[in-house]
Amino acid sequence: MTAEETLAQIATEISTCQKCELYHSRKMAVPGEGPANSEIMFIGEGPGFYENEQGRPFVGAAGKFLDELLAQAGLKRPEVWIGNVVKCRPQGNRDPLPEELAACDEYLERQLAAINPKIIITLGRYSMGKYMPGVKISAVHGQMRRLGDRFVIAMFHPAAALHQAALKPAILKDFAQLPKMLDQARAALAKSAPAPVEEAREDPKQLSMF
Ligand code: URA
Ligand code: SF4
């Protein structure tokens with residue numbers, strides 16, 4: 001299966017999923033969208049009212065703001081993958097429960113494996129908690145951390161920045177730094193990429209010393 005086919009298969013499973021209580025109140029599940037070969041994955045929290053209506057991520061007010069933030073970073077929405085930690089809307093936009101996050105995580109893990117992005121950008125506390133457990137977003141927002149063969153950057157949630165005016169300058173600044181961080185991440189990953197096979201074959205004795 002190609003990565004596109006895998007993502008489509010996951011989206012089909014999500015559309016009829018009943019693994020947690022959130023399926024009762026969903027109109028449409030929101031699997032996430034973007035190119036299967038995206039270098040960057042944005043991971044938010046969960047669908048809100050408009051996302052639940054349309055089955056697409058970040059199409060409401062937070063989504064409009066996210067588009068502005070992407071522009072701030074020189075990115076366009078069709079170039080990146082955008083999804084959430086839970087695929088069905090928590091009623092009244094309440095926070096997702098631990099058991100809902102746990103039940104839904106399988107889908108995000110499979111999406112991640114299919115896309116294999118260089119950079120994960122978490123939007124808000126819930127997706128941050130998956131990659132940087134126990135940290136405070138106020139302490140780590142806008143910072144990049146290496147996680148195996150990828151990098152993770154924690155950002156405030158665009159909806160939080162819309163509701164708390166004090167966060168807006170911070171999130172704008174963090175996104176303005178993004179092009180620089182992306183270049184750093186690309187350079188670091190290129191450096192640590194495994195040597196081409198031909199080179200490795202040239203001197204098997206030397207390799208065996210390790
Ligand atoms: N907020 C989120 O976290 N995700 C969406 O898709 C929309 C709003
Ligand atoms: Fe399934 Fe995730 Fe929707 Fe829960 S939130 S029903 S686990 S797709």
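Q: Why is Asn116 called partly exposed?
A: In this predicted model, Asn116 has a relative accessible area of 48%; the term covers what lies between under 20%, which is buried, and over 50%, which is exposed, so Asn116 is partly exposed. Its place is in the loop between H4 and strand E3 (119-123).

Q: What makes the phi of Asn116 worth noting, given that Asn116 is not a glycine?
A: The phi of Asn116 is positive, at about 50°. Most residues other than glycine have a negative phi. Asn93, which is not a glycine either, also has a positive phi, of about 60°, and Asn93 is placed in the loop between strand E2 (81-84) and H4.

Q: How do you know whether Asn93 is buried, partly exposed or exposed?
A: The relative accessible area of Asn93 is 45%, and because the middle class lies between the limits of 20% and 50%, Asn93 is partly exposed.

Q: Why is Ser127 called buried?
A: Its relative accessible area is 1%, and since buried means under 20%, Ser127 belongs to that class. Ser127 lies in helix H5 (residues 125-131).

Q: Why is Asn84 called buried, and which backbone nitrogen does a polar atom of its side chain lie 3.4 Å from?
A: Asn84, which is in strand E2, has a relative accessible area of 1% and is therefore buried, the limit being under 20%. A polar atom of the Asn84 side chain is 3.4 Å from the backbone nitrogen of Gly46, which is within the 3.5 Å cut-off.

Q: How do you know which residues surround ligand 1?
A: A residue is counted if one of its heavy atoms lies within 4 Å, and the residues around ligand 1 are Gly44, Glu45, Gly46, Glu51, Pro57, Phe58, Asn84 and His157. By class, this shell has 2 nonpolar, 4 polar and 2 charged residues.

Q: Why is Pro57 called buried?
A: Pro57, in the loop between helix H2 (49-54) and helix H3 (61-72), has a relative accessible area of 0%, and because this is under 20%, Pro57 is buried.

Q: What makes the space taken by ligand 2 a cavity rather than a pocket?
A: The term cavity applies where a 1.4 Å probe fits but cannot get out, whereas a pocket is open; ligand 2 takes the space of the largest cavity, and ligand 1 that of the largest pocket. The shell around ligand 2 has 9 nonpolar, no polar and 3 charged residues, and helix H4 (residues 98-115) gives the most to this shell, with 3 residues.

Note on methods. Residues are numbered from 1 along each chain as its sequence is written. Chains are lettered from A and ligands numbered from 1 in the order in which they are written. This is a predicted model: local features need pLDDT of at least 70, side-chain atom pairs count only at pLDDT 80 or more; totals for chains, interfaces and linings use all residues. Side-chain values use heavy atoms; hydrogens and water are left out. On a 1 Å grid over the protein atoms alone, a cavity is a set of points where a 1.4 Å probe fits but cannot get out, and a pocket is an open set with protein on both sides within 12 Å along at least five of seven lines; lining residues have an atom within 4 Å of a point. A molecule sits in a cavity or pocket if more than half of its atoms lie within 2 Å of its grid points. Ala, Val, Leu, Ile, Met, Phe, Trp, Tyr, Cys and Pro count as nonpolar, Asp, Glu, Lys and Arg as charged, and the others, Gly among them, as polar. Helices (H or I, at least four residues) and strands (E, at least two) are DSSP runs, numbered from the N terminus. Buried means under 20% relative accessible area, exposed over 50%, partly exposed in between (1.4 Å probe, protein chains only). A polar contact is a pair of N or O atoms within 3.5 Å; within protein, one must be able to donate a hydrogen and the other to accept it, and residues adjacent in sequence count only if both atoms are side-chain atoms.
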